[in-house]
Amino acid sequence: MKKFILGTAMALVMSTAAHAETVGVSMAKFDDNFLTVLRNGMTDYAKTLSGVTLQVEDAQNDVSKQQSQIQNFIASKVDAIIVNPVDTDATTAMSKLAADAGIPLVYVNRQPVNVDTLPDNQAFVASNEQESGTLETKEICRILGGKGKAVVIMGELSNQAARMRTQDVHDVIKTDECKGLEIVEEQTANWDRTQGADLMTNWLSSGIEFDAVISNNDEMAIGAIQALKAAGKDMTKVVVGGVDATPDALAAMQAGDLDVTVFQDAAGQGKGSLDAALKLAKGEKIDKKVYIPFQLVTPANVKDFVTKN
């Protein structure tokens with residue numbers, strides 16, 4: 001009887017071990033408000049799953065460091081890898097590393113350059129960037145009545161999201177409803193609040209006149225708002241838009257400083273990427289691209305989003 005009980009116990013332990021899964025996660029950088037929400041969404045979700053362990057690393061916005069992290073994950077034989085890429089143009093090499101090792105890989109939030117040629121055990125989880133900049137710019141166009149001057153603050157140019165959101169702006173301005181809008185300046189502030197403030201300060205010092213600020217993300221928009229207020233500008237005379245609907249952005253909107261943002265479900269993307277990674281680790285087939293919809297946020301509905309991000 002003792003042998004039977006011991007054997008049963010060992011079988012249970014082995015069964016549990018067989019279902020235990022370790023996922024390596026490389027985030028572009030920890031010091032980013034939106035990516036922090038995404039990372040927390042992923043780790044909080046993992047805590048609700050039995051036998052799932054995350055190894056989360058900060059690439060510190062360094063492509064070489066991120067590639068080394070992926071190599072280390074492979075060496076430690078993780079069951080799957082999740083990558084929020086530093087440089088979306090550098091993902092082909094990362095995909096090859098994981099594919100050669102036979103380890104599933106999921107890109108999250110930032111679209112890899114090789115998204116249309118991903119190996120069978122790789123996927124991409126995010127929101128469709130064609131929606132983000134489009135929703136933002138259409139609403140700014142509506143507020144301005146289809147005419148006015150705008151400055152565009154871009155994210156990191158090595159990032160596909162920045163390029164796509166900026167293209168969205170130009171595409172909307174080409175439409176009949178919004179062709180009265182004119183872009184008078186367009187520069188990058190690398191997703192950063194401080195750089196957004198510095199860029200806006202430079203524009204104001206140069207005497208550039210504009211009616212709207214169209215920013216690729218909320219952090220840069222908030223930086224622009226800080227510079228505008230420091231310069232004594234009347235915020236009711238300038239329309240400011242961003243993307244992400246971060247907690248700070250929603251607070252700025254409730255304060256009457258930010259006019260438009262676009263909710264990107266950061267926590268949902270984190271959860272979705274982990275779900276995708278675990279399914280691939282079990283040999284299940286999933287869609288190569290998993291999109292979570294964007295939603296327009298304005299002062300009229302901002303309260304609905306305060307608890308979401």
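Predicted model: local features only at pLDDT ≥ 70, side-chain atom pairs only at ≥ 80, totals over all residues.
1. Numbering runs from 1 along each chain as its sequence is written, and side-chain values use heavy atoms, leaving out hydrogens and water.

2. On overall layout, the protein has ten helices and twelve strands; these are DSSP runs numbered from the N terminus, H or I of at least four residues for helices and E of at least two for strands. Along the principal axes, the C-alpha atoms fill a box of roughly 85 × 35 × 35 Å. Of the contacts with a separation of 6 or more, 74% come from residues 24 or more positions apart, a contact being heavy atoms within 4.5 Å.

3. For charges, I get 29 positive and 41 negative side chains, with the centres of the two sets 6 Å apart. Here Lys and Arg are positive and Asp and Glu negative, while His and the chain ends are not counted; each charge is placed at NZ of Lys, CZ of Arg, CG of Asp or CD of Glu.

4. Helix 6 (residues 160–173) is worth a look. Its 14 residues reach 20 Å from first C-alpha to last, close to the 20 Å expected at 1.5 Å a residue, taking the expected span as 1.5 Å times one less than the number of residues. Buried residues in helix 6 include Ala161, Arg165, Asp168 and Val172. The buried residues of helix 6 pack against helix 5 (129–144) and strands 6 (147–154), 7 (180–188) and 8 (212–215).

5. Now Asn114, in the loop between strand 4 (105–108) and strand 5 (122–126). Asn114 counts as buried because its relative accessible area is 8%. Its side chain makes polar contacts with those of Thr91, at 2.7 Å, and Ser95, at 2.9 Å. (A polar contact is a pair of N or O atoms within 3.5 Å; within protein, one must be able to donate a hydrogen and the other to accept it, and residues adjacent in sequence count only if both atoms are side-chain atoms.)

6. Gln60 sits in the loop between strand 2 (52–58) and helix 3 (63–75). Gln60 counts as exposed because its relative accessibility is 52%.

Terms used. Buried < 20%, exposed > 50% of the residue type's maximum accessible area, 1.4 Å probe, protein only.
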